[in-house]
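Subject: Structure handover

Hello,

Here is the structure I promised to pass on. Please open it first, then read my notes below.

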Amino acid sequence: MFFIIGGFFAFCPPKSPYKPYNNDIKNPKNAAFSMPLKLFSDNKELVEVTQPDILIYDYLQPGSYKYDVFLNKIEKGKVYLKVYDFNSNRILSEKEIKKQSMREVFNPSDELREFSSDDKDFTVKEGDWGDYYGSKIEVWFQPEDSSRPERKLITKNYIIQGN
């Protein structure tokens, strides 16, 4: 059995799911995109953040991501993500991503504070490994006071792939 499988992979080697992005997606609006950062066994790439922002990290396998959100002057509540296909504006894995990305936040000061996804990740189901496409990622805030409406805090474009 080992030799049969070995022979198969010798003549049909698998493609790496981590092929580089070569600007081969359609970008009709000439928008700027970021690539997810690399996460090496919970060691993150160092990035200087000077304003409210979201950083997305590749995690475990293609289509799985972790995130950090940097916020200041935010009351008690929860943040979560909405991910859209950039070209069609179709929301991706809506219920799953909202549930998986939900984090409690509170920072009354002007100083930026990092809210990390820690051991939780979220998965984009749409697409296949190696099929990269543009996405729009939004950070939404749900106040602890349910009488106040939810609001969008941050929008950023990323190149992602599905699972």
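**A pair of strands to start with**

Strands S5 and S10 pair in the antiparallel sense, over 9 bridges. Two strands count as paired if DSSP finds at least two bridges between them. One link to look up: Asp-85 has Ser-135, in S10, as its bridge partner.

Before you go on, two notes on the basis. This is a predicted model, in which local features need pLDDT of at least 70 and side-chain atom pairs count only at pLDDT 80 or more, while totals for chains, interfaces and linings use all residues. Residues are numbered from 1 along each chain as its sequence is written, and side-chain values use heavy atoms, with hydrogens and water left out.

**More on S10**

S10 covers residues 132-143. S10 also pairs with strand S11 (residues 151-161), in the antiparallel sense and over 10 bridges. Here Tyr-133 has Ile-160, in S11, as its bridge partner. How many of the 12 residues of S10 are buried? The count is 11, so the strand is mostly covered. Buried means under 20% relative accessible area, exposed means over 50%, and partly exposed lies in between (1.4 Å probe, protein chains only).

**The whole chain**

The chain has 2 helices and 11 strands. Their order from the N terminus is α-β-β-β-β-β-β-α-β-β-β-β-β. Both kinds of element are DSSP runs, numbered from the N terminus: helices are H or I with at least four residues, strands are E with at least two.

Of the 163 residues in the chain, 42% are buried. Take the contacts (heavy atoms within 4.5 Å) with a separation of 6 or more: 68% of them join residues 24 or more positions apart. The accessible surface is about 10,300 Å², and carbon and sulfur atoms hold 52% of that. Areas come from the Shrake-Rupley method with a 1.4 Å probe; for residues, only the protein chains shown count as cover.

**Two residues to check**

Most residues other than glycine have a negative phi. Asn-89 is not a glycine, yet its phi is positive, about 60 degrees. Asn-89 sits in the loop between S5 (74-85) and S6 (91-92). Ser-93, also not a glycine, has a positive phi of about 40 degrees. Ser-93 sits in the loop between S6 and helix H2 (94-101).

Are these two buried or partly exposed? Asn-89 is partly exposed, with a relative accessible area of 45%. Ser-93 is buried, at 6% relative accessibility.

Best wishes
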